[in-house]
Amino acid sequence: MKTFPLLKLALLSASAGLAFAVALGSTSGALAQTTAEQTAAQRAAYQPVFRLDGGDMTYAFGVNERGELQQLYWGERIGANDKIAPAKSAPEWASHDSSYTNTPQEYAGWGAGLYQEPALKVTFADGVRDLVLHYVTSTKPDESSVDVVLKDISRAVTVTLHYTIDPGTGVLARSATIVNNEPKPILIEQAAAAGYSLPRGEYTLNYLTGRWAGEWTLNSEPIRPGMKVLESRRGMSGFQSNPWFAIGKDDAGEEHGETWFGALAWSGSWRIAFDKDTLDKVRITGGFNPFDFGYPLKRGEQLETPIFYTGYSHQGYGGASRLLAKFTLAHVLPQAPNPKPRPVIYNSWEATEMNVSEAGQIALAEKAASLGIDRFVMDDGWFGKRKTDHAGLGDWYVDPDKFPHGLKPLIDKVHALKMDFGLWVEPEMVNPDSDLYRKHPEWVLNFPGRPRNEQRTQMVLNLARPDVRAYVFGFLDKLLSENDISFLKWDYNRSWSEPGWDQMPPDEQKKVYVEFIRNLYSILAELRQKHPGVEIESCSSGGGRVELGILRYTDEVWPSDNTDPLDRLTQQDGFTRAYPVQIMLSWVTDSPHWLNNRATSLTYRMLVSMEGSLGIGANLNNWTAEDFSTAKRLIAAYHGVQKTITQGDLYRLISPTNGSEFTATEMVAADKSQAVFFAYVHSTNEGRGFPVLQLKGLDPAATYTLKSIEGKTAPDTPTEASGAWWMNHGIDLMLRGDFQGAAFSLDKK
Ligand code: GLA
């Protein structure tokens with residue numbers, strides 16, 4: 001494996017001359033601007049080149065002879081002394097594709113003949129809609145960051161592009177701050193976080209799509225001329241597309257070839273566009289979804305975009321997943337850089353649904369504790385008049401019929417059983433049949449005089465409103481202050497409709513797309529600060545709200561309501577392309593499964609869930625003594641290897657996609673001291689044996705001891721051998737039948 005010296009961020013100047021700095025005035029103090037009067041000669045005299053190195057990646061960009069900021073390189077790390085020539089705009093292509101459109105700009109304003117996806121599109125108060133951004137100046141907040149200021153060629157609109165590269169993984173974080181200093185307001189109609197380009201070539205785009213109970217489907221297709229758009233228009237990040245991609249060059253595969261990847265950190269409507277341009281370069285632009293977008297900025301106001309993370313691996317899609325997972329663990333999650341392994345939870349939802357009671361929950365808690373569970377979570381149904389999903393959302397008081405003495409007796413009992421206690425909430429929603437809605441019908445997203453569509457008989461509270469924000473923070477703060485709660489499962493069970501914010505003047509109403517999400521983030525941040533011991537799960541009817549934005553405030557996510565183990569294998573394969581195993585909660589539920597009516601053994605279900613952050617969601621009242629002993633044994637085994645599984649490097653040895661009859665996954669601890677692998681056969685056909693498993697990522701010279709967690713190897717398999725042996729000779733597993741699984745650990749001697 002290659003190692004590199006410390007991160008290097010260099011500002012290389014093609015010329016020492018810096019002739020035309022002019023103070024910008026009111027908001028930006030030290031910033032400087034280029035002016036329309038600058039001559040081409042003056043601009044050509046100062047064409048800085050910026051270079052960022054981290055992990056295996058180099059990213060470079062610079063100012064071209066016109067003053068535009070242009071990407072110069074994005075790929076495998078190049079030599080420290082390699083010279084990167086100053087940017088030169090691309091030529092015009094005949095009379096229809098201007099030089100402006102052909103030049104791979106870092107952040108292109110819509111104007112001057114731009115036909116590519118703009119990063120920024122504005123309308124000025126006088127109707128002018130032409131925006132041409134030129135380089136002004138740059139600052140270097142720290143060793144791994146650079147801020148570059150651009151400004152329109154004649155009007156006082158500036159954009160500061162923020163770049164931070166992670167020295168370890170090379171993951172680059174980019175975002176933009178747009179400031180209006182024009183005397184009159186401007187309207188932002190489109191704002192990306194960043195634009196990227198890939199050089200001419202043949203590429204394959206990989207992305208994840210889904211629906212309720214069918215999340216995390218991997219799609220793979222060539223990037224062809226024309227626009228490919230991944231997006232959500234729902235006010236939430238959504239199931240239908242996840243804001244993540246991995247692009248492979250030529251024949252890139254699981255463990256070889258060049259791959260570029262990206263992930264957008266935004267929990268509202270978003271869009272990433274992929275466009276193969278006239279000159280066959282691939283442009284990638286990601287940020288707020290421009291659909292129904294309109295964000296006015298008065299003089300002195302600013303808009304901050306989400307962060308668009310990107311990275312590069314020369315070790316194929318597997319390498320890309322490992323880098324992004326490592327980065328997320330170390331830099332995104334609330335407990336970064338060292339998130340604790342997740343407690344093994346029990347959740348009562350599938351056992352009781354909303355029919356919860358003090359006695360019923362205590363009975364389940366006692367059984368859960370006997371398994372070695374760390375955390376007991378009570379799901380929906382404990383509050384308001386919540387007998388079904390038709391009522392109660394919004395009324396966050398404990399239902400006295402179900403819990404006559406409040407939550408305390410249950411929580412005390414859970415603690416006495418040596419577990420901590422978690423609770424389900426759905427703070428952003430309201431049922432029309434609730435005290436809250438009767439009192440505040442104006443609090444929901446709506447257009448006055450128009451119908452208010454319900455989904456799951458609920459509406460979305462407009463969290464952008466200060467009074468709604470105060471209410472939501474207030475009840476959560478009270479709940480956490482009055483009860484010893486360690487964990488919230490924060491649910492969000494519908495997409496937006498009629499997204500009006502009638503409190504605001506008509507031209508400000510569309511700000512709801514941004515302000516709602518900002519308030520969501522600020523509530524989460526404030527709660528975490530005030531209640532530092534509390535952990536939070538992001539759930540949205542399953543995996544409807546999973547991206548790097550929400551993951552700054554939440555410790556784990558619920559990937560899907562579909563807990564069928566065979567379906568989960570494919571879902572987990574898709575999920576872990578983009579996100580770390582650590583955050584992937586995976587429950588063992590009952591068989592036959594309610595969704596597919598598929599019957600599987602408890603051992604098989606346990607093994608599939610042990611590939612993630614393990615939870616039990618079955619009705620323990622129906623379990624046999626044998627079930628208890630199987631689960632107890634496997635939970636104990638899981639605790640012993642959990643850190644390697646959930647935080648180690650993941651290798652997809654055999655992917656279950658494409659109808660494969662086999663699946664195998666391996667996780668290797670960062671220091672290579674331990675590896676764990678799982679193998680499954682879906683249904684043996686014609687007596688075919690399991691493919692010999694050649695492991696990956698071990699230290700070839702070290703000796704590893706093989707231990708079965710579940711399952712058998714061929715009789716002549718050694719218990720001790722070198723990493724080289726396990727990786728090259730491989731392991732012959734005795735695995736046949738329907739829905740069979742095995743798991744082994746390898747410990748370095
Ligand atoms: C959603 C969640 C489930 C459960 C129910 C409760 O569907 O995904 O896990 O919490 O809500 O109503």
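1. Helices (H or I, at least four residues) and strands (E, at least two) are DSSP runs, numbered from the N terminus. The model is predicted: local features need pLDDT of at least 70, side-chain atom pairs count only at pLDDT 80 or more, and totals for chains, interfaces and linings use all residues. Residues are numbered from 1 along each chain as its sequence is written, and side-chain values use heavy atoms, with hydrogens and water left out.

2. Arginine 568 sits in helix H10 (residues 565-578). Arginine 568 is buried but has no salt bridge, and the nearest side chain of opposite charge, aspartate 561, is 6.8 Å away. Buried means under 20% relative accessible area, exposed over 50% and partly exposed in between (1.4 Å probe, protein chains only). A salt bridge requires a side-chain nitrogen of Lys or Arg within 4 Å of a carboxyl oxygen of Asp or Glu. For charge, Lys and Arg count as positive and Asp and Glu as negative, while His and the chain ends are not counted.

3. Not counting residues up to four places away in sequence, arginine 568 touches Trp558, Pro559, Ser560, Asn562, Thr563, Leu585, Ser586, Trp587 and Val608. Contact here means heavy atoms within 4.5 Å.

4. Serine 321 belongs to helix H3 (residues 316-332) and, at 5% relative accessibility, counts as buried. Serine 321 and tyrosine 579 are 258 residues apart in sequence, yet 7.5 Å apart in space, C-alpha to C-alpha. With neighbours within four places in sequence left aside, serine 321 is in contact with Thr576, Arg577 and Arg652.

5. Tryptophan 93 is in the loop between strand S4 (69-76) and helix H2 (99-102). Tryptophan 93 and threonine 278 are separated by 185 residues in sequence and by 8.1 Å in space, C-alpha to C-alpha. Beyond residues up to four places away in sequence, tryptophan 93 touches Asn102, Thr278 and Leu279.

6. Helix H8 (residues 466-482) packs with helix H9 (residues 512-530) at an angle of about 25°, their axes 10 Å apart. That makes H8 roughly parallel to H9. Axes are lines fitted to C-alpha atoms, for helices over the stretch in contact, and angles run from 0 to 180 degrees between N-to-C directions. Angles under 35 degrees count as roughly parallel, over 145 as roughly antiparallel, 65 to 115 as roughly perpendicular and the rest as oblique. The crossing of H8 and H9 is right-handed; a crossing is right-handed if the near helix is turned clockwise from the far one by less than a right angle, and left-handed if anticlockwise. Residues of H8 that meet H9 include Phe473 and Leu476, and those on the H9 side include Ile523 and Leu527.

7. Helix H11 (residues 602-610) and helix H12 (residues 625-647) pack at about 20°, with axes 10 Å apart, and are therefore roughly parallel to each other. Their crossing is right-handed. In H11, Leu602, Thr603, Met606 and Met610 meet residues of H12, among them Leu634, Ile635 and Tyr638.

8. Two cis peptide bonds deserve a look. The bond from alanine 336 to proline 337 is cis, with omega near 5°, and proline 337 lies in the loop between H3 and strand S21 (345-347). The bond from serine 591 to proline 592 is cis, with omega near -5°, and proline 592 lies in the loop between strand S29 (585-588) and H11.

9. Lysine 418, not a glycine, has a positive phi of about 65°. Lysine 418 is in the loop between helix H6 (408-416) and strand S23 (420-425) and is exposed, with a relative accessible area of 73%. Asparagine 597 has a positive phi near 55°, lies in the loop between S29 and H11, and counts as exposed at 60% relative accessibility.
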